[in-house]
Amino acid sequence: MNIVNKLLKGFKSTGHCLAPQEKSSGGNLDKIAIVGSPNVGKSMLFNCLTGTYVAVSNYPGTTVEVSRGRAKIGEREFEVVDTPGMYSFLPISEEERVARTLLLEEKPNIVIHIVDAKNLERMLPLTLQLIEARLPVVLVLNIIDEAEKIGMKINLGHLERDLKIPVVATVSTTGRGIDVLKGRIEEYARRI
Amino acid sequence: MKCSLCGFVFKEDQAQAACGNCPLMKGCKLLKCPNCGFETPPEPKWEKHLKKEGEFVMTDLNVNQSGKICRINTSDRKKLNKIMAMGILPGMTVTLIQKFPSYVVQIGQSQFAIDKKLAECILLGRSL
Amino acid sequence: MPEEFEGGGDILEISLEKIESLLEADYGISGRSIGLLLLQEDEEITALVKSREPENYKLIAEIVDHTKEHYHEPLSYIISLRRQEETNNILDRALEYQPAIGLSLREKLSRIMISSLTGIPILLVILYYGIYKFVGKFGAGVLVDFIEKNIFEKNINPWVNQVFTSIIPWHLLRELFVGEYGMITLGVRYAVALIFPIVTTFFIAFAIIEDTGYLPRLALLIDRVFKKIGLTGRAVIPMVLGLGCSTMATMVTRTLPTKRERIIATILLALAIPCSAQLGVILSLLAGTSIGLWIWAGVVGLVFLFIGFLSSKVLPGDSPSFYMEIPPLRLPKLFNVFIKTYSRVKWYFAEIFPMFILASIMIWIGQLTGLFTIFIRVLEYPVRWIGLPDKAAVAFLFGFFRRDYGAGGLYDIKEAGLFSTNQLVVACVTLTLFLPCIAQFLMNVKERGWKTGVAISVFILFFSFFVGFLLNSIFSILGVSL
């Protein structure tokens, strides 16, 4: 029985519990958490920032693991956490609960809320909830090319004024806007 | 209301009668089904506003028709949260893309597949 | 609805402010957020506040109840509405959009994929080219042959045999490595020549299908059918993954919302979903008879539906609701496909491969101790009952350790001409339904617990032979000779 139990433990646990060891980072690094609903390019953004490649899933429920990595933005190094999909601060699924717990317990220095630009109407409520929670939010309107293709015009300046947070438009799969995002992150990190 | 165990439909006063001489009657808010004895909490007040004038269920829409959502009709909190998480809220315009084999709706720039149980909770008002 | 807003608006805000002022502990987010979650009766946050500040909590709970009474609708509903209103106000200023008239090409394609009339044929086409041709013919056929013949038979096998004969003088120990069931000659060879090409081609096909956004569309097509077997369309991911590796798929059943669904999915994966390794070999086994192939597919499919249906009746609970976002169809990005396939194949080899080495060791021990022979003797009975030659018993015993070993064992018997086509089909059906391989069995235990894991295996052991028996009897009764 013992041998079998050892074998069972050997199966890599892709569980969604945040084991205590995982939380502690390399000391003094600022932490960036990436939040958003599934299918908006969260993992791709994680790749763009950290330069490491994680399995990118296009399907809700498949990215259960919490990916962590390091990003060098400008002169600073950051720890980056890619959270499971989150639709609202009131969680329905286990994954959403994990995402929220992560935000509560790990106190990230920057929270990037990444949304599908053409679905801004449905996704902005979560941005509002994050801002309401006094989390340091940066809004990223990803897949902006699809929004442009259907004729949507989003005025980033107006959004920034109303929300009082940085707003950046990107296409994570081509890298468009990522440099601007990195610049805004650096700026934001200096301020807070 | 309808007993969730046996399906019997009864009124609140019939439920009182079914409780008989139970000593806990004073503080007890539960309603007892006169048919099978199953006890449930009373229906929340707001569900009694069933189908006001001009409201219809989403399942009554035809394919490619749209409607403006006026209410989400369910007392099941889990269902409610699921529907709201999809961004299906009163005020939104929803277009029915397909009915069979699953309901497919378009809200804004997104499409969702939902089953009949969820679709029946979405009440629309006369619109487009 | 307007009445609720006018009169009630203040009560919600006032309650919220009151709660905020009562909260003393630090929760990592603003008091207002916590207050809103408390008003919406979030279980986790409520428990958190209760434990951190029990005296304040009592007051807060009263405020929440009082606020609830004031409104007809649930507070979460009202709060969501208000937030949406705020969103709309902001977007009125920042967003300009005139929806285009008519459907884009992408949308038209999506529509034909999800309509029941055209969706099913499209699914069949995808199955045919994706699974049958790509994984079956190319992966299991061309690639396997190439690696097996050119690399192993020509170079590695003889070399390995030489090396081991010179290093290890004891015959018995040598058998562990290079014997008939040796770790290297069979274990490693099978892993690299057989499993690797098949599993890799499967994962490539899966990643491509996944990235196009087809899976949610498949889910909505089959939701109705899946509801009859106690699942919902969401179960389509683990089921399709199961065609690649059922062990990995059983792990993915975690994403199913209810326990009941997870159990039913685990049972079906263990029973009726052949993994790619097995699938590949079975497709080549039945390559000669297309009617045999159809019968095999038909019987396994029927078992899948029937047992699913039975399980849904036996296990308590209802089918949860089905809802799923349908993302726009997108062209898969090659790089993404590569990364996903690479990490999945890597996982597969890291997790499953050691199991196979273990399997070789267990077989070796089994042979040594004579246990092996005992098990084979025992298995020969049911094997005979279903009309198969005695030799097939070895294939079944192997089937427990590795599905492909089992199927491979049948291959040898076929090559030796010892199977009639009838028997071949019966053997394939029974083996497909037979016990989950050792890796999957352990995963079942890990995910669902010992009792359920063992119960599933025991059930399958008897049921698979029962179906074999039934099929064989039907063949005899109808006088069918394929």
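In strand E8 of chain B, Gly125(B) is the bridge partner of Lys68(B), and the two strands concerned, E4(B) and E8(B), the latter covering residues 122–125, run antiparallel and are joined by four bridges. The model described here is a predicted one. Strand E4(B), residues 66–72, also pairs with strand E5(B), residues 93–98, again in the antiparallel sense and over three bridges; within this pairing, Ser66(B) is found opposite Thr95(B). At the level of the whole chain, the domain assignment divides chain B into domain 1, comprising residues 12–43, and domain 2, comprising residues 55–125, and the C-alpha centres of these two domains are separated by 35 Å.

In chain A, six strands form an open sheet with mixed pairing, in the order E2-E3-E1-E4-E5-E7. Strand E1(A), residues 30–35, and strand E4(A), residues 110–116, run parallel and are joined by four bridges, with His113(A) of E4(A) as the bridge partner of Val35(A).

The contact between chains A and C involves 40 residues of chain A and 43 residues of chain C. On the side of chain A that touches chain C, the elements giving two or more residues are helices H1 (2–10), H4 (94–106), H5 (120–132) and H7 (156–163), together with strand E6 (153–154). Of these elements, H5(A) gives the most, with six residues. By class, the residues on this side of chain A comprise 22 nonpolar, nine polar and nine charged. Strand pairing also links the two chains, in that E6(A) is joined by two bridges to strand E1(C), residues 95–96, the two strands running antiparallel; here Glu96(C) of E1(C) is the bridge partner of Lys153(A).

Chain C contains 23 helices and two strands, and its C-alpha trace spans about 85 × 55 × 50 Å along the principal axes. Of the 482 residues in chain C, 46% are buried. Among the contacts in chain C with a separation of 6 or more, 74% are accounted for by residues 24 or more positions apart.

Helix packing in chain C may be illustrated by helix H20(C), residues 403–415, and helix H21(C), residues 421–433, whose axes lie 10 Å apart and which pack at an angle of about 170°. Because angles over 145 degrees count as roughly antiparallel, H20(C) is described as roughly antiparallel to H21(C). On the side of H20(C), the contact is made by Gly406(C), Ala407(C), Leu410(C) and Lys414(C), whereas Leu424(C), Ala427(C) and Leu431(C) are the contributing residues of H21(C). This contact of H20(C) with H21(C) has five nonpolar residues, one polar residue and one charged residue.

How values were computed. Residues numbered from 1 in each chain as written. Chains lettered and ligands numbered in written order. Predicted model: local features only at pLDDT ≥ 70, side-chain atom pairs only at ≥ 80, totals over all residues. Pairing = 2+ DSSP bridges. Contact = placed C-beta atoms within 7 Å. Nonpolar A, V, L, I, M, F, W, Y, C, P; charged D, E, K, R; others polar. Domains from an automatic or database assignment. Axes fitted to C-alpha atoms, helices over the stretch in contact; angles between N-to-C directions. Parallel < 35°, antiparallel > 145°, perpendicular 65-115°, else oblique. Buried ≥ 20, exposed ≤ 12 C-beta atoms within 10 Å, placed from the backbone.
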